[in-house]
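This report describes selected features of one model, moving from strand pairing to helix packing and then to the surroundings of the ligand.

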Amino acid sequence: MTVRPSPEKLLALGMSFWNAKALLSAVELGVFDALAEGPADLESLRTRLGLHERSARDFFDALVALKLLERQDGDYRNAPDADFFLVRARPSYVGGLLEMANARLYESWGHLTEALRTGRRQSENKDDSDFFAALYADPARLRGFLAAMSGVSAGAANAIAGKFPWKNYKSFVDVGVAQGMVPVTIARAHPHLSGGGFDLPPVGPIFEEFVTANGLSERLQFHAGDFFKDALPQTDVIIMGHILHDWDLEQKRLLVKKAYDALPAGGALIVYEALIDDDRRQNAFGLLMSLNMLIETLGGFDYTGADCQGWMTEAGFSETRVEHLVGPDSMVVGIKQAE
Ligand SMILES: C[S@@+](CC[C@H](N)C(=O)[O-])C[C@H]1O[C@@H](n2cnc3c(N)ncnc32)[C@H](O)[C@@H]1O
């Protein structure tokens, strides 16, 4: 008997932007913040959030069906994971990424077809100015972007702190550090390490605020610079997370070479991203991230572990390996030959 194919999966995938936008609007409206204080019934939640009465019930019940909220005896409360990760006041908040997705990516992705036809990015300014220069001209957007990066890298930060042999090294610098989630996580887990972050000058105060709030300002310093114009700080281990995918092939190769030049013999470069699997058929998130680079940047694209190992070998690294971190993220480690 032949099995009749079902369109269910295709239709669910095609309509999954509904689910995404319901979550993004819930974060924007502060639904999870409102319920962090305790359960609320329909009317009090609706008035608290300033929603029109027409669709509030459907919206909240859709969030129940999506398992973001729970409802008991007419009262809504946060589902446990939403309560942990989506309440702004909690240190575990990862909604910065979702805020950025809501404010910028959601609309830009509406132009994916045009981007695929033209090869040109579709974020707010489609001209040739540097993505980061435009972003950093607006302090509120800068802060939002850097906080979003903490949400993106929190899981990988824990995995790098746990999986890399830090006991063999004394110092490290995270290049393109953003707010500092990765160095803070590593320094907390390994009290013998000191280090810091390298990034464009406007990032300094935001990094320092985050490091101080985590009680690590004695061990983590900020290095201001432009990684295309300045040498990278000399240190035992350099980390680059979600950096190489922002840039074109020549720029990627240049950054790997600059890391090699800054490391001592025996030093290590850790590159982490949502690496595409070598066969380019499994890591849908990595492949879609690469399309996000089309939407957002002039020449950026994501790549496989084997691609990155190739650039590291070209730059002079004597040993390279790829290790899975968490979810879609993996790291490529390059070791500079010990003398
Ligand atoms: C996509 S974010 C990645 C942040 C962080 N590594 C993470 O994974 O969460 C890219 C970072 O590179 C920094 N950056 C961009 N251009 C730079 C440049 N020319 N020199 C130094 N840093 C730069 C940005 O400020 C930003 O913090």
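## A parallel strand pair and its crossover

In this predicted model, strand E5 (residues 194-199) and strand E6 (residues 220-224) run parallel and are joined by five bridges. Within this pairing, Asp199 stands opposite Ala224 in E6.

Helix H12 (residues 204-213) belongs with these two strands, as E5, H12 and E6 make a right-handed β-α-β unit.

## A mostly covered helix

Helix H11 (residues 181-189) is mostly covered, with seven of its nine residues buried. These buried residues are Met181, Val182, Pro183, Val184, Thr185, Ile186 and Ala187.

## The shell around the ligand

The ligand is surrounded by 17 residues, of which Met149, Ser153, Gly176, Ala178 and Gly241 are the closest. By residue class, the shell divides into 10 nonpolar, four polar and three charged residues.

## The annotated dimerisation region

An unreviewed UniProt entry lists residues 16-87 as "domain: O-methyltransferase dimerisation". Over this annotated range the chain is 61% helix and 14% strand in the model, and the C-alpha atoms at its ends lie 23 Å apart.

Technical notes
Residues numbered from 1 in each chain as written. Predicted model: local features only at pLDDT ≥ 70, side-chain atom pairs only at ≥ 80, totals over all residues. UniProt positions renumbered as here; feature names shortened; annotations may be inferred. Helix = DSSP H or I, 4+ residues; strand = E, 2+ residues; numbered from the N terminus. Pairing = 2+ DSSP bridges. Right-handed = clockwise from strand over helix to strand, strands pointing away. Buried ≥ 20, exposed ≤ 12 C-beta atoms within 10 Å, placed from the backbone. Near = placed C-beta within 6 Å. Nonpolar A, V, L, I, M, F, W, Y, C, P; charged D, E, K, R; others polar.
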